[in-house]
Amino acid sequence: SLQAMMLRLAAFAVLLLFFRVSLELSWVQAIPALFVFYLGSGGWDFFLIFIKTIRRDVTTGLVLLKVKWQVWRHVREKNTIAKIFQKTASKYPDKTALIFQGTGESWTFRQLDEYSNQVANFFFSQGFRSGDVVALFMESRNQYVGLWLGLAKIGVETALVNSHLRMEALLHCITISSSKAVVFGVEMMEAMQEVQPSLEKSLRLFWSGEESPKSTLPGAEHLDPLLQMAQRHQPSPPDKGFLDKLFYIYTSGTTGLPKAAIVVNCRYFRMASLVFYGFGMRPSDVLYDCLPLYHAAGNIVGVGQCLLRGMTVVIRKKFSASHFWEDCVKYNCTIVQYIGEICRYLLDQPRQGAVAEFYGATECNCSLGNFDNNVGSCGFNSRILPGVYPIGLVKVDEDTMELIRGPDGLCISCKPGEPGQLVGRIVKSNPLQHFDGYLNQSATKKKIARDVFTKGDTAYLTGDVLVMDKYGYMYFRDRTGDTFRWKGENVSTTEVEGTLSRILNLTDVVVYGVEIPGIEGKAGMAAIADPENSCDLGSFASELRKALPLYARPVFLRFTQEVSKTSTYKFQKVELRKQGFDPALVKDRLYFLDSRQGHYLPLDQAAFDRIQSGQQKL
C-alpha cells in the first residue's frame with residue numbers, strides 16, 4: 001500500500017541519516033551500505049520494479065504535468081475549445097484541416113472557421129442562445145464538425161446522437177437533452193419520419209445534405225442554403241469558460257436507454273492533449289479517423305487533434321478493412337485510429353504498423369495510456385508512487401459485481417494478478433480528476449462510490465474489470481454489470497430486453513453477452529420465454545431491424561419454457577451466460593443471426609462448429 005511504501009522510504013531516510021551522522025560514513029560508503037541493507041530487507045522486488053518502470057513513470061509524469069499546466073492556464077483565461085480553435089485557424093489558415101473520404105471534399109482551417117461562423121451566426125439570428133441544446137443526428141462528414149463547433153461558438157450545446165439509433169432510443173435521446181432543434185442528415189430522413197409524431201411541436205427541424213430526399217418532413221427546413229446566406233464573421237463569444245459544457249455524448253445506459261454524458265471544454269482538451277503528447281504526435285501528422293463522430297474516440301481523440309493542434313484529419317463515414325490501408329496511402333496518413341475489433345480486422349490485412357493503445361471512456365476520470373508500447377496492456381499506473389495518479393483496482397463480487405468491502409468499511413485493493421474494477425478518486429478541485437456526470441442526476445449518482453480508498457472520499461466506477469501485473473501494467477478483462485461490448489459499441493442489456501419484450505408482446509426476456517473464440521467483446525444472446533413455440537422469427541427479425549442498431553441485435557436466441565424474474569434473477573443470468581450457445585449443453589431451441597441473410601437460422605452442432613472455427617461470419 002501507499003502508506004507502507006511511505007513508511008519504508010521514511011525508514012531508509014532515517015537509516016541514511018544514521019550512517020552519515022552517527023557512523024560518520026562518507027556518501028560513497030553510505031549509499032552502498034544502504035543499498036545492501038535495502039536488498040537484505042526484502043526490497044529486491046521493489047528495486048527491479050523501480051529500474052524497469054522509472055523511465056516510463058517520469059516520461060508520463062512530465063506529460064501529465066504539461067497537460068495539467070495548460071489546463072490551469074485555460075481555466076484562468078476562461079478559454080473554450082472554440083476560442084482555442086480560432087487561434088489554431090489563425091496559425092494555419094491555408095493548411096488542410098479536414099478531408100472527407102466519401103467525396104474527397106477538402107477544407108482548410110480558414111474554410112472550417114468560416115463555415116462554423118456561418119452556423120453560429122445563423123442560429124444566433126434564429127434566437128438560439130448560450131445554454132440552449134441542439135441535437136445533431138447525421139453520419140460523419142466535414143459538416144458534422146463545423147456544425148457542433150459553430151454552435152459552440154455561441155455557447156449552444158450539441159447533443160451528439162448515435163446515427164444508428166431508431167424509434168424509442170432516438171426519441172429518448174432527443175427528449176432527455178431538452179433540445180430546441182434537431183439538425184439531421186438527409187440520410188436520416190426516414191428515421192426522423194418514424195419519430196416525428198412523438199416530437200414536441202415547438203422543436204425546430206433542419207436537414208442537411210446534397211442528396212435529394214425521396215420525401216421530406218413537414219416543417220423541416222433545408223439548412224445548407226440558409227447557412228450559405230449567413231454572415232462569415234466571428235460571432236460574439238458567449239460568457240462561458242473552460243469548465244462549462246461543450247456538448248453531450250450518449251453512452252449505453254446500464255439500466256436502460258442511453259445516458260447523456262456531459263463533456264465540458266476542459267474534458268475535451270484533456271483527452272485530446274494526453275493522447276497528443278503521450279504518443280508523441282506532431283501538427284504535421286495526418287490522422288485517419290474512421291470512427292463515428294458521435295463518440296469520444298472519433299470526435300475528441302481524433303478530430304481534437306485538428307481543432308487544438310492543427311493536424312489534418314481524414315474522415316471516413318464507416319470503417320472498411322479492405323480500403324483502410326489504401327486510404328492511408330492515398331492521403332499520406334501517419335496516424336490511424338482504431339477501437340476494439342478493428343485491430344483484429346487490420347491484422348488480417350497485408351500492411352501493418354506500430355500500435356499505441358489507451359483506455360478511457362467519455363465521462364471517466366481515470367484514463368490509462370500504454371505510452372511505452374507494452375504488448376497487451378491498455379495502460380499502467382506507477383508502482384513507485386501510485387498516489388500521484390489516484391486510481392486503483394478494487395475487489396468485486398464476480399456474480400453480482402458489487403464492491404467488496406473490508407471490516408473498516410473501505411474497498412479492498414487488489415494485489416498484482418488479482419482482477420478488480422477500475423475506480424478513480426474524484427477530486428472536485430482538480431479538473432483532471434473531476435467527474436462531470438450525466439444530465440440524469442440519478443445516473444450520475446450510480447457511478448459514484450463512497451468510502452473507497454479512505455473514509456469520506458468518492459470515486460468514479462468505470463464498470464470495467466482489469467488486472468494489474470507487478471510492474472503496474474493494466475490489462476482489460478471484462479465489463480461489469482448489465483453492459484457488454486460488441487462491434488466497438490457498448491450494449492445495454494436492459495435496453496435490448498425492453499425492446500425485445502415490446503416486440504414480443506411483453507414476453508419475459510433475458511439478454512446477456514457470450515464469448516466467441518477469437519473475437520473481441522461479447523455477442524448478444526437473448527433467452528426468450530416461448531412455451532407455445534409461437535414466435536415468428538421472420539417478423540421478429542424485421543421488427544428488430546427497425547428498433548435496434550445492428551450491434552445491439554442479439555446474435556443468438558434461446559427459446560425456453562420460462563424465464564424467471566425472481567430474487568435469483570441475477571444468478572440465473574450468470575448461469576445462462578456460462579451455458580452459452582453450445583447445443584451440446586443447451587437443450588432449448590437455439591438460433592443465430594446470419595449477418596449476410598439478415599435473419600435467424602437454427603443453431604445446430606454443425607453451425608456451432610463453424611462459428612467456433614471462425615468460418616461463420618457474425
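**Overall composition and local features of the predicted model**

The protein contains 18 helices and 27 strands. The structure described here is a predicted model. Of its 618 residues, 53% are buried. Among contacts between residues at least 6 apart in sequence, 68% join residues that are at least 24 apart.

One part of the model is an open sheet of five strands, arranged in the order 2-1-11-10-12 with mixed pairing. Its edges are formed by strand 2 (105-108) and strand 12 (335-336), each of which pairs on one side only. Strand 12 is joined to strand 10 (residues 286-289) by two bridges, and the two strands pair in the parallel sense. Within this part of the sheet, Tyr-288 stands opposite Val-336 of strand 12. Helix 11 (residues 296-309) lies across strand 1 (96-100), strand 10 and strand 11 (312-315). The angle between helix 11 and strand 10 is about 155 degrees.

Helix 6 covers residues 142-153, and Asn-142 belongs to it. Asn-142 has a relative accessibility of 0%, and therefore counts as buried, the cut-off being under 20%. Leaving aside residues up to four places away in sequence, Asn-142 touches Leu-98, Ile-99, Phe-100, Glu-105, Trp-107 and Ile-315.

Strand 23 (residues 509-514) is mostly covered, with six of its six residues buried. Val-509, Val-511 and Gly-513 point to one side of strand 23, while Val-510, Tyr-512 and Val-514 point to the other, and the residues of both groups are buried. Strand 23 runs antiparallel to strand 24, and six bridges join the two. In this pairing, Val-514 stands opposite Ala-523 of strand 24.

The loop between strand 24 and helix 16 contains Asp-530. The side chain of Asp-530 reaches the backbone nitrogen of Ser-534 at a distance of 3.0 Å. Apart from residues up to four places away in sequence, Asp-530 touches Cys-535, Phe-559, Thr-560 and Arg-589.

Asp-536 caps the N-terminal end of helix 16, with a side-chain oxygen 3.1 Å from the backbone nitrogen of Gly-538.

Most residues other than glycine have a negative phi. Against this background, Lys-78 has a phi near 55 degrees, which is positive although the residue is not a glycine. Lys-78 is located in the loop between helix 3 (44-77) and helix 4 (81-91). With a relative accessibility of 39%, Lys-78 counts as partly exposed, because that class lies between the cut-offs of 20% and 50%. Ser-178 likewise is not a glycine and has a positive phi of about 55 degrees. The loop that holds Ser-178 lies between helix 7 and strand 5 (181-185). Ser-178 has a relative accessibility of 54%, so Ser-178 counts as exposed, the cut-off being over 50%.

The cysteines were examined last. A disulfide is a covalent bond between the sulfur atoms of two cysteines. With a disulfide taken as a pair of cysteine sulfur atoms within 2.5 Å, the count for the model comes to zero. Cys-266 is buried, with a relative accessible area of 2%. Cys-378 also counts as buried, with a relative accessibility of 11%.

Methods:
Residues are numbered from 1 along each chain as its sequence is written. This is a predicted model: local features need pLDDT of at least 70, side-chain atom pairs count only at pLDDT 80 or more; totals for chains, interfaces and linings use all residues. Side-chain values use heavy atoms; hydrogens and water are left out. A polar contact is a pair of N or O atoms within 3.5 Å; within protein, one must be able to donate a hydrogen and the other to accept it, and residues adjacent in sequence count only if both atoms are side-chain atoms. Helices (H or I, at least four residues) and strands (E, at least two) are DSSP runs, numbered from the N terminus. Buried means under 20% relative accessible area, exposed over 50%, partly exposed in between (1.4 Å probe, protein chains only). Contact means heavy atoms within 4.5 Å. Two strands pair if DSSP finds at least two bridges between them. Axes are lines fitted to C-alpha atoms, for helices over the stretch in contact, and angles run from 0 to 180 degrees between N-to-C directions.
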